[in-house]
Amino acid sequence: MTADVRKYLKICRVSLSERLAYRGDFILATVLRFLPLLTTVLLWEAIYAGAGHSELAGFSYRNMIAYLLLVHISRMFSSMPGLSTGIARDIRTVEIKKYLTQPIDMIGYLLAYRVAHKAAYIVTSGIPYAGLFAVCHGYFDGLPGPGTMAAYACALLIGFVIGFFFETMMGMLGFWMLEVTSLLYIVNTINFFVSGHMFPLDLLPGPIAAVLKSLPFPFLAYFPAAVFLEKIQGPALAQGLALGACWAAAFVLLSRWLYVRGLRRYSAYGG
């Protein structure tokens, strides 16, 4: 194991210890996050009753509630609260210099920190999630097969990589813009819709759904949930995973390119 790898593993361990110090906060936040789901369940019950159909775009009422529950798992991996705003703030306040004067790569440090954050969140919120899914087990048809579960795990990992590096890219805009808060708010609002967080993208008209599914955002919420429910299978599943991996690789490279270009601009001003 190289010295660089050991360095970032140590950062991850320290960050994990720091996060686990706030287990109660994690558990309470997780429980409160599920409260709006009750309203969502009642809303979709009314929608299905008013539509007079047992299925909408291939989703039964049980499938729809299961999908909305699974979206919480997807977002558990892909959401990166505070990442982009933190990067932009560090650039604006010159705090970024701590990465330039020490043998630590900013992106590597933030990645190790987020891995620790996600690990702590998953561990501490495991009990509330297990309780919720136990109560709502009737909406599921049981666990899918090993192949589907493996694909689901890959989809969650792809969602994490895309979520992290997309937020990193947005934060890098701070090298070119003095204030990015308003832009980030607009982007995140649109992202919430096009990622399938509110409802499955299959409910949208065919051409619109096809375009959105070709973008990276469905991998943050829609794609993993659809894989678990076996709405995506066979060649479509393989193609979806390949597309997600390509988007993830593209974001990794683009975020690194923006960081290098941003540092050139940043140093040009003598910051």
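Where is the place of Ala 57 in the chain?

Modeller: Ala 57 sits in the loop between strand E1 (55-56) and strand E2 (59-60). Helices (H or I, at least four residues) and strands (E, at least two) are DSSP runs, numbered from the N terminus. Before going on, note that this is a predicted model: local features need pLDDT of at least 70, side-chain atom pairs count only at pLDDT 80 or more, and totals for chains, interfaces and linings use all residues. Residues are numbered from 1 along each chain as its sequence is written, and side-chain values use heavy atoms, with hydrogens and water left out.

Ala 57 is not a glycine, yet its phi is positive, at about 55°. Most residues other than glycine have a negative phi. Ala 57 counts as partly exposed because its relative accessibility is 45%. The cut-offs are these: buried is under 20% relative accessible area, exposed is over 50%, and partly exposed lies in between (1.4 Å probe, protein chains only).

Val 94 also has a positive phi without being a glycine, near 70°. Its setting is the loop between helix H5 (83-92) and helix H6 (97-100). Val 94 has a relative accessible area of 29%, so it is partly exposed.

Next, the salt bridges. The structure holds 3 of them (a side-chain nitrogen of Lys or Arg within 4 Å of a carboxyl oxygen of Asp or Glu). Arg 62 and Asp 141 form one, at 2.9 Å from N to O. This pair links distant parts of the chain, 79 residues apart: Arg 62 is in helix H4 (residues 61-78), and Asp 141 is in the loop between helix H8 (126-135) and helix H9 (146-172). Arg 62 is partly exposed because its relative accessibility is 32%. Asp 141 is exposed, at 67%.

Asp 105 and Arg 256 form another salt bridge, 2.8 Å from N to O. Again distant parts of the chain are linked: Asp 105 lies in the loop between H6 and H7, Arg 256 in helix H13 (residues 234-268), 151 residues apart. Asp 105 is partly exposed at 23% relative accessible area. Arg 256 is partly exposed too, at 34%.

Asp 105 has a second contact. At the start of H7, one of its side-chain oxygens comes to within 3.3 Å of the backbone nitrogen of Ile 107. Helix H7 itself (residues 106-124) has 19 residues.

Lys 213 is in helix H11 (residues 206-213), and Asp 202 is in the loop between helix H10 (181-194) and H11; they are 11 residues apart. Lys 213 is partly exposed at 31% relative accessible area. Asp 202 is partly exposed at 25%.

Finally, the whole chain. Its secondary structure comes to 13 helices and 2 strands. Of its 271 residues, 44% are buried. Take contacts (heavy atoms within 4.5 Å) between residues at least 6 apart in sequence: 80% join residues at least 24 apart. The accessible surface comes to about 14000 Å² (Shrake-Rupley method, 1.4 Å probe). Carbon and sulfur atoms account for 69% of that surface.

How values were computed:
Expected span 1.5 Å × (residues − 1). Polar contact = N/O pair within 3.5 Å; in protein donor to acceptor, adjacent residues only side chain to side chain.
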